Every structure is written in structure tokens, then in C-alpha cells.
Amino acid sequence: MHLPAILPWGVADGFSKQMLLVILSVVIIATFFLLAARKQQLVPGKLQFAGEMAYGFVRNSIAKDIIGGKDFMKYVPLLFSLFFFILVNNIYGAIPVIQLPSFSHVGGAYVLAGIVYVTWIGIGIKKNGLKYFKLATVPSGVPVYILPLIIPIEIISNFLVRPVTHSLRLFATMLAGHLIVMIAGSGIEFLVMQENILLKGTSLLVIAGAVAMYMLEALIMALQAYVFTLLTAIYIEGALHADSH
Amino acid sequence: MYQTIISAAVEGAEATNPLVPNVWEMGVVFVGFAVLMYIVVKFVVPMFEKTFAERAEAIEGGIAKAEKAQAEASAALEEYKQQLTDARAEANRIREEARAEGAQILADLKEKAASESARITAQAHVQIESERQAAVVSLRSEVGTLATTLAGRIVGEALNDDERSARVVDRFLADLENQNAGAAK
């Protein structure tokens with residue numbers, strides 16, 4: 001259930017719970033990684049090891065594997081920030097009391113997808129000049145008579161649909177997950193309140209289902225953070241190596 | 001009661017399209033993400049990368065150190081081997097020299113002994129000769145005296161006239177020598 005805005009109370013455009021959680025996520029991530037990275041010991045302690053594992057996951061499994069080459073390090077900060085920003089904001093949805101993934105409101109997803117969109121187009125232009133748009137929309141090795149069909153499809157899929165799917169994928173999964181858990185909760189409440197003992201009993205089934213959905217949601221929350229970051233890396237790689245695609 | 005809740009929910013859903021964002025929320029996410037990016041770019045990534053680099057360097061440095069120690073050890077071993085070989089050669093050389101020197105000394109001594117013995121022999125010869133001469137001289141005089149005394153006794157005549165008897169003896173001996181010389185011829 002959504003809390004109303006905190007300040008001013010009850011006004012739709014006021015300071016909402018989402019905003020508080022977003023700010024909190026920045027504090028959490030920054031604090032954790034600054035503490036973990038601070039000691040810089042060659043033989044890491046537990047906290048440092050956890051930080052290095054997390055950092056190494058984004059650095060090696062996403063940035064290095066997808067972008068590769070010598071210049072993947074340039075994009076590690078962006079990918080790292082995206083992954084943990086989304087992860088923490090999603091995991092909010094699985095934490096009792098908080099129970100609200102920040103990206104169940106579409107605004108944040110638009111902002112992040114927009115940043116990524118601007119970034120990879122910028123990289124493509126910087127790397128290939130204005131020729132980049134030709135490289136990105138005219139696939140090589142395609143017969144000329146198909147090009148009139150291919151080029152509009154490429155333009156739509158690369159430059160129009162891509163940011164939309166990128167943002168809505170994150171937003172929709174979070175909203176849907178939030179709704180499912182919320183509906184299950186309301187359903188349980190509704191069934192438990194029934195006079196009929198048999199109808200009351202069915203609430204147990206719904207509780208079991210709700211727990212299963214909760215687990216699934218927790219998985220999807222982590223997965224969506226990974227998917228969003230992975231797609232970002234793929235887009236950047238595509239822009240970097242547009243001439244070889 | 002539930003109908004009213006549901007209808008209220010439906011009205012609420014109609015009132016806000018979920019695809020229309022709240023601008024303030026977008027602003028908060030943008031600023032929040034920018035702050036996070038700043039912290040990550042400025043502190044987190046450099047710190048982790050520094051640690052990684054240091055760790056890699058420590059491991060590689062350790063390997064390099066071990067390799068250096070290994071190289072030094074094998075160099076020292078090589079040197080010792082070389083020294084051992086040198087020492088052996090030196091010992092052989094000294095032994096050879098000693099042997100040669102010994103042989104030389106032996107030869108010298110032999111030569112010296114031979115010359116000494118030759119010298120002694122020669123000296124002995126000379127001495128023998130001189131003694132023989134002396135013996136001959138003394139014999140000559142003694143034999144003369146004895147013979148004259150004997151002859152005096154036999155003849156009963158005093159042959160005390162030395163001058164005469166000496167002449168007789170000398171004549172006798174000269175005859176004797178001439179006889180000997182004649183026999184030798």
C-alpha cells in the first residue's frame with residue numbers, strides 16, 4: 001500500500017516515500033563501498049572481501065566480459081553504479097515494512113534509461129563520428145533491395161524502442177511484483193475475515209502462494225538489476241564497435 | 001464495503017496513468033544517481049583498483065623476487081663449481097710441479113753424488129799414488145840400510161862408511177830397476 005507523500009503530507013507531488021528511499025539507497029551504497037574499500041589491505045577482511053566480490057562481479061562479469069578490450073575500465077563506474085543503485089532500490093520491495101521497490105514508479109526508470117541512452121549514443125558518435133548513425137542502421141552484407149525495409153526497422157528498434165523497453169522492463173517487473181504481493185496480501189486479509197470457515201481455510205493456499213510469489217519477486221529484483229546493467233554494457237559495446245557489427 | 005474499496009481503487013487507477021512519471025521523483029533519482037556516480041568515480045573505483053593493482057603487484061613481485069633468488073643461487077652454484085674446478089686444476093698443477101721438482105732434485109742429487117764420488121775417487125788415486133811414492137822412497141832408504149847391515153854382518157866387514165855403502169846400494173837398486181825394466185820389456 002502506498003504511503004502518501006511525507007512532505008507536505010498527502011499531496012501527490014510532495015516529497016514521497018520513493019524519494020526518501022532513493023536517497024537512502026545512495027547513502028547505503030556509498031557507505032558500504034567506502035567502508036569496504038577504505039582499508040585497501042592486500043589480504044582483505046570480511047567486509048573488504050564482500051566489497052571486492054561485489055565490485056569484481058560488475059567489473060569482470062559484466063564490464064570486462066561484454067565490453068572487453070582495454071577501455072572497459074572507463075565504463076566500470078557507470079555499470080557499477082547502475083547495478084547497485086537498481087539492486088538496492090529493487091530489494092526494498094522484499095524488505096518488510098519498507099516493501100516498496102523504488103522503480104515501481106516509472107520516473108526513476110526513465111531517468112536511468114535516459115542516462116544510458118545518451119551515454120551510448122554519445123560513445124557511438126565520439127568513436128565513429130556522424131557515420132555512426134549509418135553504421136547503426138545499415139547492416140552490412142544485406143542485399144540492397146531489402147535495405148528500404150531494414151533501415152526503418154533498425155532505426156525504430158535501435159533508437160526509438162530500445163530506451164522504452166530498457167526503462168519499461170525494469171518499471172513493469174517492479175510494479176507487477178509489487179502489485180502481486182500487494183494483491184496477495186489484500187486477498188489474505190479478505191479471506192481471513194470471512195465468516196465461512198471453509199472460505200477462511202482457503203486463505204492458507206493464498207498464503208503459500210504469496211510466499212512463493214515473494215521468493216520469485218526477490219529473484220526478479222536481483223535479476224532485473226543484472227539485466228538492466230547487462231543491457232547497458234551491450235549497448236555501450238555495440239556503440240564502441242559499431243563498425244564490426 | 002468491498003465494492004466501495006474496489007471502485008475507489010479503480011477510480012484511483014484511472015486518475016493516474018502509471019506510465020506518466022512524477023517529475024520530482026525523476027529529479028531525485030537523477031540527483032541521487034549523479035551523487036552516487038560521483039562517489040563511485042572519485043573514490044570507490046580508484047580505491048578498489050588500487051588494491052587490485054597492489055595485490056597483483058605483490059604477487060608478481062613475490063614471483064619476481066623468487067626468480068631473482070633462484071637466479072642468484074644458481075649463479076652462486078655456478079661460481080662454486082667454477083672455483084672447485086679451478087682449485088682442482090690448481091692442485092693438479094701444484095702436484096705436477098712438485099713431481100717435476102722432485103725429479104729435478106733427484107737428478108741433481110744423483111749428478112752431485114756422481115761427481116762427488118768421482119772427485120773422491122780421484123783424490124784417493126792421487127793420495128794412493130803419493131803414498132806409494134812415499135812408501136817407495138822410505139822403502140828404498142830402509143831396504144838400503146837393512147841390506148847393508150845384513151851384508152856387513154855376513155861379510156863381517158864394517159861397512160860403516162856410509163858414503164860408500166850408499167853408493168853400493170844405489171848401484172844395486174839401479175841394476176834392479178834396470179832388470180825390472182828389461183823384464184818389463
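In chain A, 60% of the contacts between residues at least 6 apart in sequence join residues at least 24 apart, where a contact means that the C-beta atoms of two residues, placed from the backbone, lie within 7 Å. Before I go on, please keep in mind that this is a predicted model, in which local features need pLDDT of at least 70, side-chain atom pairs count only at pLDDT 80 or more, and totals for chains, interfaces and linings use all residues. Residues are numbered from 1 along each chain as its sequence is written, while chains are lettered from A and ligands numbered from 1 in the order in which they are written.

Chain A has eight helices and zero strands, and here helices (H or I, at least four residues) and strands (E, at least two) are DSSP runs numbered from the N terminus. Of its 245 residues, 33% are buried, which is to say that 20 or more other C-beta atoms lie within 10 Å of a residue's own, with 12 or fewer making it exposed and anything in between partly exposed.

Let me turn to helix α2 of chain A, residues 46-67, whose 22 residues reach 30 Å from the first C-alpha to the last, close to the 32 Å expected at 1.5 Å a residue, the expected span being 1.5 Å times one less than the number of residues. This helix has a kink of about 30° centred on A:G56, where a bend is the angle between axes fitted to the seven residues ending at a position and the seven starting there. Its buried residues include A:Y55, A:V58, A:I62 and A:I66, and what covers the buried residues of α2(A) includes α1, α3 and α8 of chain A together with α2 of chain B. Just after α2(A), A:G68 takes a positive phi of about 65°.

On the subject of chain B, 28 of its residues are in contact with 30 residues of chain A. The side of chain B that touches chain A has 21 nonpolar, three polar and four charged residues, counting Ala, Val, Leu, Ile, Met, Phe, Trp, Tyr, Cys and Pro as nonpolar, Asp, Glu, Lys and Arg as charged, and the others, Gly among them, as polar.

Next comes helix α6 of chain A, residues 147-192, which bends by about 55° at A:V161, with a proline, A:P163, following within four residues. Among the buried residues of α6(A) are A:H166, A:L170 and A:F171, and the buried residues of this helix pack against α3, α4 and α8 of chain A.

How do α4(A) and α6(A) pack, and at what angle? Their axes are 8 Å apart and the angle is about 145°, with axes being lines fitted to C-alpha atoms over the stretch in contact and angles running from 0 to 180 degrees between N-to-C directions. The contact involves residues including A:Y110 and A:G114 of α4(A) and A:P163 and A:S167 of α6(A), and its residues divide into nine nonpolar, three polar and no charged.

Finally, consider the loop between α3 and α4 of chain A, where A:V97 lies and where A:Q99 also has its place. Most residues other than glycine have a negative phi, yet phi is near 75° for A:V97 and near 50° for A:Q99. A:V97 counts as exposed because it has 6 C-beta neighbours inside 10 Å, whereas A:Q99, with 14 such neighbours, counts as partly exposed.
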